[in-house]
Amino acid sequence: MQRDEIIRSMWPAKGSPAARWRIAPGLVAYDEAVATMEATVAEIAAGRADELVWLVEHPPLYTAGTSAEPGDLVSPDRFPVFQTGRGGEYTYHGPGQRVVYVMLDLKRRQQDVRAFVAALEAVVIETLAAMNVTGERREDRVGVWVRRPEKPPLPDGRMAEDKIAAIGIRLRRWVSFHGFSLNVDPDLTHFSGIVPCGIREFGVTSLVDLGLPVMMPDVDIRIRAAFETVFGPTQSE
């Protein structure tokens, strides 16, 4: 699906209120975040609340998606591990990583899971482009990837690539929750406790690792601009 098709498909129906935009101060406990998402999604599905995009940072932890393989948890005692209903495998969350929880009513947009995931990837790619970083999607692996020509090639001769953003979603009554995480300046050694998203041959990177000493508020501004391009207007809480 091309960029313009994604944008056209994911704007809300005419007359829908703008999605709320919320940025959490400090670190948010993972179980608290899940409880907030559960309650918010129920309210949105019942028509009692507007859509919400919630930006958080978590203390160090691992999450296991519905496809997680036990063998991909390399260091089970390193950080707390949370089972979660989102799609995907193991991921890491921690300080310096922007987690964007996206609670949207797809009945007001497009009831197409694949298009929704592509739209989230487009938000990340647009965000990175605003900082002169080329992020790319891959048909055989979810997330956003950055080519690393300065690294040794893979054994099969392919260019090295690192993952800079992970995506995992869940839908309930066509309302989404969970979302994506973008590595701004996390401790990349923390990813060594898992096989991120079950993919062994590629590494992980961050904006700072790529040589961009950006601050989280600057990244947030770019995420919001990219989100509004793809999904439509937002309103600050």
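The legends below describe close-up views of a predicted model. Local features are given only where pLDDT is at least 70 and side-chain atom pairs only at pLDDT 80 or more, while totals for chains, interfaces and linings use all residues. Residues are numbered from 1 along each chain as its sequence is written, and side-chain values use heavy atoms, with hydrogens and water left out.

**View 1. Phe116 and Phe231 form an edge-to-face aromatic pair.**
Rings of Phe, Tyr and Trp (its six-membered ring) are paired if their centres lie within 6.5 Å; planes under 30 degrees apart are called stacked, those over 60 edge-to-face and the rest tilted. The count by this rule is 10 aromatic pairs. For Phe116 and Phe231 the ring centres are 6.0 Å apart and the planes stand at 70 degrees, so the pair is edge-to-face. Phe116 belongs to helix α3 (residues 113-129) and Phe231 to helix α4 (residues 216-231), so the pair ties together parts that are 115 residues apart in sequence. Helices (H or I, at least four residues) and strands (E, at least two) are DSSP runs, numbered from the N terminus. Buried means under 20% relative accessible area, exposed over 50%, and partly exposed in between (1.4 Å probe, protein chains only).

**View 2. Phe227 and Phe231 form a stacked aromatic pair.**
The two ring centres lie 4.8 Å apart, with 25 degrees between the planes. Phe227 and Phe231 are 4 residues apart in helix α4, a separation of about one helical turn. Phe227 is buried, at 2% relative accessibility. Together with Trp21 and Phe116, the residues Phe227 and Phe231 form one aromatic cluster.

**View 3. Arginine side chains lie over tryptophan rings at Trp54 and Trp145.**
A charge sits over a ring if NZ of Lys or CZ of Arg is within 6 Å of the ring centre and within 35 degrees of the ring normal. Arg141 places its charged end over the ring of Trp145, 4.4 Å from the centre. Arg22 lies over the face of Trp54, at 6.0 Å from the ring centre.

**View 4. Strands β4, β3 and β5 make an open sheet.**
The sheet has 3 strands in the order β4-β3-β5, with mixed pairing. Its edge strands, β4 (81-83) and β5 (90-93), each pair on one side only. On average, neighbouring strands of this sheet are turned by 25 degrees against each other, direction ignored. The axes are lines fitted to C-alpha atoms, for helices over the stretch in contact, and angles run from 0 to 180 degrees between N-to-C directions. Two strands are taken as paired if DSSP finds at least two bridges between them. Strand β3 (residues 61-64) runs parallel to β4 and is joined to it by 3 bridges. Thr63 stands opposite Phe82 in β4.

**View 5. Strand β8 pairs with β7 and with β9.**
Strand β8 (residues 141-147) is mostly covered, with 5 of its 7 residues buried. Strand β7 (residues 136-138) pairs with β8 in the antiparallel sense over 2 bridges, and a hairpin of 2 residues joins β7 to β8. Glu136 has Trp145 in β8 as its bridge partner. Strand β9 (residues 161-172) is joined to β8 by 4 bridges and runs antiparallel to β8. Val144 stands opposite Ala165 in β9.

**View 6. Gln97 is a buried residue in strand β6.**
Strand β6 covers residues 97-103. The relative accessibility of Gln97 is 1%. The side chains of Gln97 and His93 make a polar contact at 2.7 Å. A polar contact is a pair of N or O atoms within 3.5 Å; within protein, one must be able to donate a hydrogen and the other to accept it, and residues adjacent in sequence count only if both atoms are side-chain atoms. Leaving aside neighbours within four places in sequence, Gln97 is in contact (heavy atoms within 4.5 Å) with residues including Val56, Glu57, Tyr92, Ser181, Phe191 and Met216.

**View 7. Arg173 and Trp174 have positive phi values.**
Arg173 lies in the loop between β9 and β10 (175-183), and Trp174 is found in the loop between β9 and β10. Phi is near 55 degrees for Arg173, a residue other than glycine. For Trp174, also a residue other than glycine, phi is near 65 degrees. Arg173 is exposed, at 57% relative accessibility, whereas Trp174 is partly exposed, with a relative accessible area of 31%.
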